[in-house]
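Biologist: I am new to this structure and would like to learn how to read it. Could we go through it together?

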Amino acid sequence: MTTIYKAKKIITMNPNRPDATHVAVRDGRILGVGALSDLEPWGDYTLDEQFADKILMPGLIEGHAHTMEGTLWRNVYCGFFDRMDPDGKIWDGLKSVDAVIARLKDAESALTDPDAPLPGWSLDPIYMNNERVSRDHLDQVSTTRPIGVLHASGHILNVNSKALELAGLLKPGVNHPGIPLGKDGLPTGELFGPDAMTPVGQHVGFDRALTDCDEQGLRDYAKLCVRAGVTTSTDLAARLSDDSVEMMLRVTGEAKFPTRIVPLKVMFGVTPKEVVDYSVALKERSTDRLRMGRIKAVADGSIQGFSARMRWPGYHNGAPNGLWYTAPEQMSELYNRALEAGVQVHTHTNGDQATQMALDVLEPALKAHPSPDHRFTLQHCQLADAAQFRKMKNLDMCVNLFANHHFYWGDEHYRLTVGPERAERMNACRTAIDTGVPMTIHSDAPVTPLGPLFTAWCAVNRITASGRVQGEGEKIAVNEALRAVTIGAAYTLHLDGEVGSIEVGKKADFAVLEGDPTACNPLELKDISVWGTVQGGRIFPAADL
Amino acid sequence: MTSANAPLPVTVIGGYLGSGKTTLVNHLLRHADGVRLAILVNEFGELAIDEDLIEAEGDDIISIAGGCVCCSFGSDLTAALMDMAKLVPRPDHILIESSGVAIPGAIVASLGLMSGFSADGIVVLADCETVQAHARDEYMGDTITRQLADADIIVLNKADLVDGADFARTREWLAADYGQARVVRASHGIVPPETVLESFLGRSHSAGPHHEAANLDMHTLRPKGPVDVGALAKALAEDQAGIIRAKGFARSLSGEKTLIQVVGRRWTISATSEDHADGIVCLGFKGALHHHQLQDLLAGLTGAN
């Protein structure tokens, strides 16, 4: 059974035939692409013209996101920017603390259980003149119901008095660096860092296992993927407990599940040996739509949280150096064991010292276990300099740069965290490409919204939230950015033989677009509407989700 | 040891990879002697607990001879602590063996946000041979120095691997930069258990043969009446008389029975309903614990003794 889709234009990402008008699909795979006459010799077919006025691209691939975004949408959205939820509703960005309070009040009045917590997410007072949000603000919503609002960075939680009371912290004498006290000697309700957030988070509806999605969350995440044109997405720091593997196998196996999920088992609280052995075993259990068997390691923290590891001269505002989450010796053991077992490792390195550590540790591991085509990937890698990219190239590494971060926090980085020079070279896409390091770009959803066309726009224009172009020299071209979010991301996952371009033999995974990203003004790349996706030959219109 | 609703004492054992944390933990388990220890480790390494001590192994918990347990906390220390507090019988003391890159002061600060636990102090292990080089390491240097700066007690381990002069130099370096901590010399993680855990101090009120061997010394202060307990605890913590740890009971000026705990420069006083005779046991090393100074200190606070 062959279906030939006619499209206004098919952008293939295959340099041998960059664009075409027809694509033939059989058994969920691409039989051929070209003009109708090129495809007719394959025999009987049905001509489907529903995409005749659409642009088809290879299904977009998100190389660094977290399916927990699906779960977070069940909380109240308190972000500054407009954002689309899994059902396609666009929530207006809230421009003031008063607006946040008003939206929380609306949500509060809809709750019937008087004791149910009210969790909100994605608050970012950076855009509200850094106004401090305190328990007094949230007490305006309710003094009897615990309320907590998670910041967009994920590193700060604001709670009301009731939440503090339930956690036993509404008292004088609380002594913790992450819990500021007000003039009355009581906590202000601002909780900085996971150590301070955890004991209160559980009372406001933020479960401890925040990095994992639940069943509904996974389905909702997949809806977001369809709306963004994404057909394959990583889940970059999954715990992959037995229960969660069972759940993910079941949900991704549902006939209408529209996304290929690539969860990476995170090395937290397990030894390098355990995580490698477990990943080898998980790989065997993979299905087409759930690809397991890769590892995520975390070297350091975040730049805006001042927990990233920086080389000299360190943070621009003089903050002390950040935190290691994995010691070099442990990273070395992980790399050695993983290379030996043939398991791929993606390593979170935000600061340039963390990047250097990963490079230093990988080189001897590669000498001990020569591993052609290992494709070990540095994730975020926001502050790498040119020499570090050359080293990545020489070690055959890949990189996944955090292009969205530049838009959302670029101004902060310029002013506060790293200063002008390093802010301008952050997420150095141009350098990566010119150096020959296989690269992709990402959203880190839910930290920033899932949307590879927006991510491409960020890398092409390098515009910050205040509207400045930051780092002219690191801009990349539209076709390079589109490549990054398709075949580029596929390459970092060893999936480039299956997805990432529209050519014979590959999965019939398409992003169905209303406009042509290669023909529009690059400043409008982010505004191209997504009609939906085709995944494994199955058609998912966003309007029908 | 402790009453059912008294806060559970928690000691954090920190130090970089290879400094001997696991060896020390196993040594303490071997000498637990009826004290039920709950050990929390970041992950079960291949040799977290010596095999001969293990009675039974589950996924997340290992049962150990003498009523002790070992648990891996992974990324959720808070949950693991709460699980430990619910164990029946309840452990007498929790030991957190932190990861090599953890900042122990941050763990203790988090502990302060939970009810039902009290910080018994931070013990940081340092490998005599390598600690100074590690403290200069490009990557790990500032992590190591932050760990040492958080310590109440530094166990200067692997003393058998260096000669006397090198040991002395390392000790001087620690004293100069990390003077807040008391330094205990050790080889193979072998330290007198009562220097590391308050719960062990409680059971040994008299110096015995064990103390002879370990070169320990003790002095018990017995205030004859009410005393400014805050001033007393603070004075004991100020390292004039060679105290590593002190623990005991006194009556405050308002007549309340008060528990005094001192480890290194950390001190706490808390009202207690426990019925104990007044008396504060001060532990130090032979030759370094100055009995007269301790008596003078108490006399200065009570007027006469």
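Predicted model: local features only at pLDDT ≥ 70, side-chain atom pairs only at ≥ 80, totals over all residues.

Biologist: What should helix α11 of chain A span, at 1.5 Å a residue?

Modeller: Compare the expected span with the distance between the end C-alpha atoms. Helix α11 covers residues 352-368 of chain A, and its 17 residues should span 24 Å at 1.5 Å a residue. The end C-alpha atoms are 25 Å apart, which agrees.

Biologist: How many of the residues of α11(A) are buried?

Modeller: Here a residue counts as buried when its relative accessible area is under 20%. In α11(A), 12 of the 17 residues are buried, so by this cut-off the helix is mostly covered. Among them are A:Met357, A:Leu359, A:Val361 and A:Leu362.

Biologist: What covers the buried residues of α11(A)?

Modeller: The cover includes helices α10, α12 and α14 of chain A, along with strands β17 and β18 of that chain.

Biologist: Now the interface. How many residues of chain A are in contact with chain B?

Modeller: On chain A there are 35, and they are in contact with 25 residues of chain B. The two chains bury about 2,200 Å² between them, 57% of it on carbon and sulfur atoms.

Biologist: Which residues form the salt bridge across the interface of chain A and chain B?

Modeller: The rule finds one salt bridge there. A:Arg309 pairs with B:Asp142, and their closest N and O atoms are 2.6 Å apart. On the side of chain A that touches chain B, α6, α9, α10 and α11 each supply at least two residues. That side divides into 15 nonpolar, 12 polar and eight charged residues.

Methods: Residues numbered from 1 in each chain as written. Chains lettered and ligands numbered in written order. Heavy atoms only, no water. Helix = DSSP H or I, 4+ residues; strand = E, 2+ residues; numbered from the N terminus. Expected span 1.5 Å × (residues − 1). Buried < 20%, exposed > 50% of the residue type's maximum accessible area, 1.4 Å probe, protein only. Contact = heavy atoms within 4.5 Å. Buried area = accessible area lost by both parts, 1.4 Å probe. Salt bridge = Lys/Arg side-chain N within 4 Å of Asp/Glu carboxyl O. Nonpolar A, V, L, I, M, F, W, Y, C, P; charged D, E, K, R; others polar.
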